[in-house]
Every structure is written in C-alpha cells, then in structure tokens.
Amino acid sequence: MMRHPTQAIAGQKPGTSGLRKKTRVFMVPGYLENFVQATFDAIGGAEGKTFVLGGDGRYFGLEAAQVILKMAAANGAARVIVGQGAWLSTPAASHLIRLRRADGGLILSASHNPGGPDEDFGVKYNTANGGPAAEAVTEAIFAATLEITEYRKAETADIDLASLGEKRIGAMVVEVVDPVAAYADLMETLFDFKALRSLFHAGFSARIDSMNAITGPYAVEIFEHRLGAAPGSVVHARPLPDFGGMHPDPNPTWAHELMAAMMAPDAPDFGAASDGDGDRNMILGRGTYVSPSDSLAVIAAQMQLAPGYAGGLKGVARSMPTSAAVDRVAEALGIACYETPTGWKFFGNLLDAGRVTLCGEESFGTGSDHVREKDGLWAVLMWLSILAATGKSVAEVLAEHWARFGRTYYSRHDYEAMPIATAEAMLADLRAGLGALAGRSVAGLRISSADEFAYTDPVDGAVSEGQGLRLLFEGGARAVLRLSGTGTEGATLRLYLERYAPGPDGLADDPQAALAPIAQAVEALVGICRRSGRKGPDVVT
Ligand code: VG1
Ligand code: CO
C-alpha cells in the first residue's frame with residue numbers, strides 16, 4: 001500500500017527555521033509523514049524532482065531519512081542525494097542543492113537545540129536556491145498540513161545509507177554521497193589554503209569544538225587533514241545521537257568547556273565552536289571572546305583578504321536585532337547595508353539578486369553568497385584568513401577594529417520556557433503602549449522612538465510584520481524584544497541590548513556593565529522579572 005489515509009495534525013507550523021518539536025512528538029507514527037507529505041503537496045508535488053537529504057546526526061535522524069526516502073519514491077521523485085549515514089551539515093546541504101541543481105532539500109535537524117529521545121528534532125525544507133524556504137512557502141506547507149487526508153509511502157525495506165553509491169526504490173535513485181568532500185572543495189575555492197597551511201606549519205594552535213555534532217567530520221578533514229592543524233585540534237569530533245549530552249549551541253554558556261580552555265593561561269591561539277547542524281559559529285582568541293555582531297563587522301572590514309572575495313563586497317545584510325557595528329563598516333566602504341527580520345530565509349532574495357555578499361545574525365550566524373545558509377566553518381576559515389594575512393592575534397584584530405570604528409556594546413538576554421500567556425501579555429502590553437513612549441523617560445533614560453519592526457523585501461515586495469519591538473533611547477542606545485521561533489517548550493523571550501561607544505575612551509568596558517542602564521530601563525517599562533517572577537535571564541550571550 002502506498003496511500004495511507006491520515007488526518008490533519010494541529011501545530012505543524014514551521015518557525016524561524018523549520019518545524020521543531022520534541023523528538024517523541026516526531027516519533028508518533030504519521031507525524032513526520034504528514035509534514036513531509038504537506039511539504040511535497042505545497043511545492044506542487046515531488047514528481048520527477050531531485051532532492052537533497054541529510055541532517056546533523058541527531059537521534060531519530062536515520063529513521064526519519066528512511067521515511068522521507070520511501071515517501072519521495074511514492075510521490076514520484078526522480079532522485080534523492082543523501083549524505084552517507086544521513087549526515088549533512090546545513091551549509092553542506094545548501095551547497096549540494098546548488099551544485100547538483102536539485103529542486104530542493106530536506107534537512108533533519110533542530111540545529112542548536114539538544115538532541116536525544118527526550119530532546120528536540122526538526123525538519124526544514126530548502127528551495128532550489130539552496131536556502132530555507134521563504135515565508136510564502138512555509139505558509140503553504142502549514143496550510144497543507146491542515147488539509148491533508150493521505151500520505152504516500154513506498155512499502156519497501158530500508159535503504160543502505162552506510163555505503164556510498166546509487167541504490168533504488170522502484171524508479172527513484174537514492175544516491176549516497178560523501179557528506180564532506182564537495183563542501184571542503186568549495187572552501188578551497190574561497191580561501192588561500194596554502195597560506196593557512198603555512199600558518200599551522202609555523203605552530204599556530206587552534207581548538208575547534210564540534211560539540212559532538214555534525215561539523216566534526218568536516219572540521220577534521222578541513223583543519224587537520226587539508227590544513228595541517230595538529231591532530232586533536234578538533235575536539236568532540238564524533239557526531240553522537242545525543243551530542244554526548246552537550247547542548248550544541250556555540251555560545252559562552254553552552255560551550256563552557258571551550259570558553260574555559262580559551263581563557264586559561266595556556267590557551268591556544270584560536271578557538272571556535274559550532275552548533276548541531278554546523279551553521280553557527282563562536283569565535284575566540286586567547287583570552288578573547290568575539291561577539292557575533294563584532295565578528296560580522298570585522299569580517300566585513302577584512303573579507304577581501306580572502307581570495308574568493310578579493311573583488312570586494314557588493315553589500316551586507318544583518319538581521320534587525322543584530323548590532324549596527326557592521327553598518328558602520330558598510331558606510332566606510334560605501335556599500336549598501338540591509339536590515340532584515342530574524343532568520344536566514346530573509347537573506348535569500350538579497351543574495352540571489354546579487355545585492356549582498358555577506359550576511360549575519362547576532363545569534364552566532366555568519367555567511368556569504370557561496371551558499372544560502374549561514375556557515376559556521378566558513379566563518380572560522382574567514383577568521384583564520386584574517387589572522388594569517390595580518391599576522392595579528394584575535395585580540396589585536398578586535399582592538400584595532402574598535403579603535404577605527406568605535407565599539408558597539410551588545411548582549412542578548414534570553415528568558416526561556418516562560419508561560420506562553422505571560423510572555424505574550426508582556427509584549428502585547430508593550431505593543432499597546434508603543435505610540436506614547438517617545439519622549440518618556442524610564443529609569444533615567446529618555447526614549448527617542450519606539451516601534452514594531454516590519455520588513456518589505458526589496459526584491460519581491462513580500463511584507464513580514466510583527467518582527468520585534470524596538471526601543472530607541474537618546475544617545476543611540478537600543479533595546480529589542482521578540483519571542484523566539486525555534487523553541488519547543490513554552491515561550492522564550494529575547495531581549496537584545498546595544499550601545500555605541502565611538503572611542504577613543506570607553507572601549508574596554510565590561511559589556512554587561514555598559515548595558516546595565518538599558519536593561520534597567522526595560523525592566524522598569526516591561527517588567528520581565530517583575531511579571532514572570534524570574535530573578536534574571538537564563539542565558540546571556
Ligand atoms: C534563532 C536565532 C536566529 C536564527 C535561528 C535559526 O531564532 O535567533 O537568528 O536564524 O535561531 O538558527 P529564534 O526565532 O529562536 O530567535 V539555527 O542555527 O537554529 O538554524
Ligand atoms: Co543551526
């Protein structure tokens with residue numbers, strides 16, 4: 001039987017980046033099937049199409065890949081290109097879609113969320129440009145999940161995904177490929193691997209923490225094999241179904257082992273971490289943490305040092321909550337700077353139209369027009385290229401950047417797993433009062449303007465509303481509040497804080513201290529702690 005009657009399941013609405021739920025929810029028979037069938041239905045069917053399939057190695061990924069292969073076959077797909085073992089990092093999947101001119105791809109990951117039977121799973125659909133499906137597509141998928149009456153799935157034995165080569169399910173070809181090779185080759189076209197080899201040859205030391213997630217095999221191949229970094233430079237290099245209990249979110253809180261190693265007296269020259277699916281990065285130097293917004297600005301200023309970008313940048317784009325540090329670089333370079341809603345899908349049109357070369361988000365995401373996803377290892381290679389070309393340390397690069405452009409103090413405070421009603425009420429009250437805020441003083445700070453961010457895509461005119469509440473204070477400080485669209489438990493409220501210091505004095509303050517007055521003003525106005533009973537944020541980045 002290929003046709004299975006089914007009923008609509010509530011709540012299959014893709015968020016910021018695909019559909020994410022508790023793994024056990026995805027494991028309920030029919031749950032994954034419904035969503036995959038709805039995806040095929042929403043894109044006009046799978047008949048004759050080629051797809052890319054893979055994920056970050058988390059629990060249930062292999063089983064999900066088998067289900068999707070059987071469904072693709074029953075829906076008439078011509079070919080599915082799968083990473084060996086159902087492994088593909090998100091940027092590698094994006095590259096394969098483009099390289100092989102596939103019609104789209106399915107990525108099995110909940111990204112930076114923990115994995116395992118009691119943690120999170122996710123499915124994301126990417127379109128032919130290699131990027132996350134635009135909102136119009138995810139809305140069509142959601143609509144299809146509400147109308148579904150049957151799904152199609154071939155009745156056949158599981159496919160061997162452990163060995164490379166072409167296999168078949170009926171008429172459909174399943175092509176199992178090396179997940180790493182094409183991606184590593186792409187990196188060689190963008191960066192000067194000879195210069196990077198010389199850097200490591202001269203004794204440069206690095207600690208690349210793959211957090212037991214998908215970048216392990218990529219990082220070992222690129223840094224240890226192709227660039228000659230000392231064996232063992234990549235740690236937690238084996239992707240494990242539960243990430244070995246690690247929370248693969250590359251920030252100072254969750255990558256604390258790496259943080260400790262980099263802040264120790266015997267720290268290596270360079271440190272970096274990746275998230276579950278390999279699209280995020282955290283950059284560190286000896287005794288130095290680089291905030292993602294600063295990393296984006298530094299890369300914008302120095303990117304032409306890498307051969308793939310020697311021609312300069314067409315423009316840059318950042319998500320709205322990301323700091324304006326990159327804006328100042330764009331202004332100095334005389335290039336356009338776009339401000340988009342949160343989520344990589346909003347960069348796709350700008351990249352496709354050739355308007356921007358570099359994109360970034362405050363959430364440890366950076367990438368270029370080489371693929372249509374953010375790319376953690378790309379960012380690492382870019383930083384290594386800057387260090388190799390300038391001969392400077394991470395701390396020196398950062399200090400010189402601030403001396404030239406000023407410093408944008410930045411921090412994000414996350415309040416996780418809040419009761420949804422509480423979080424929504426706080427934002428609703430703030431929204432209702434927005435119009436009356438300009439000119440008001442709270443906790444000693446004067447609000448100069450307040451609004452809710454809406455975005456009109458400059459390429460196709462699509463409008464996205466309700467993308468975050470913004471408070472601008474006199475003197476240029478800013479606070480942004482929005483609810484996360486990637487969580488699986490309650491609501492996560494994100495508070496983004498920012499303040500610009502032009503220099504030359506005041507460039508070496510502690511960011512939390514520098515931003516405390518803004519946080520206090522927000523508390524006075526919104527009452528996050530007062531209304532939720534929390535003592536403070538759960539995660540500070
Ligand atoms: C978060 C980040 C956002 C990022 C998204 C997906 O979304 O804030 O910048 O694009 O995760 O990243 P939210 O809605 O929870 O704030 V990943 O590495 O999950 O693909
Ligand atoms: Co990710």
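This is a predicted model: local features need pLDDT of at least 70, side-chain atom pairs count only at pLDDT 80 or more; totals for chains, interfaces and linings use all residues.

Residues are numbered from 1 along each chain as its sequence is written, chains are lettered from A and ligands numbered from 1 in the order in which they are written, and side-chain values use heavy atoms, with hydrogens and water left out.

**The sheet.** Select residues 407–418 (strand 19) and 491–501 (strand 26): they run antiparallel, joined by 10 bridges. Zoom in on Y409, whose bridge partner in strand 26 is R499. Now widen the view to an open, antiparallel sheet of seven strands, ordered 20-21-24-25-26-19-27. At its edges sit strand 20 (441–442) and strand 27 (539–540), each pairing on one side only. (Strands are DSSP E runs of at least two residues and helices H or I runs of at least four, numbered from the N terminus; pairing takes at least two DSSP bridges.)

**The helix.** Next pick 420–433, helix 15, which lies across strands 19, 21, 24, 25 and 26. Contact here is heavy atoms within 4.5 Å.

Show G15, T16, L483, S484 and G485, the closest to the centre of the largest pocket among its 39 lining residues. (A pocket is an open set of points on a 1 Å grid over the protein atoms alone, where a 1.4 Å probe fits, with protein on both sides within 12 Å along at least five of seven lines; lining residues have an atom within 4 Å of a point.) Helix 15 and strands 25 and 26 are among the elements supplying at least two lining residues each. Last, select P114, H247, E416, G487 and T492, closest to the centre of the second largest pocket. Strand 19 gives the most to that lining, four residues.

Technical notes
Axes are lines fitted to C-alpha atoms, for helices over the stretch in contact, and angles run from 0 to 180 degrees between N-to-C directions.
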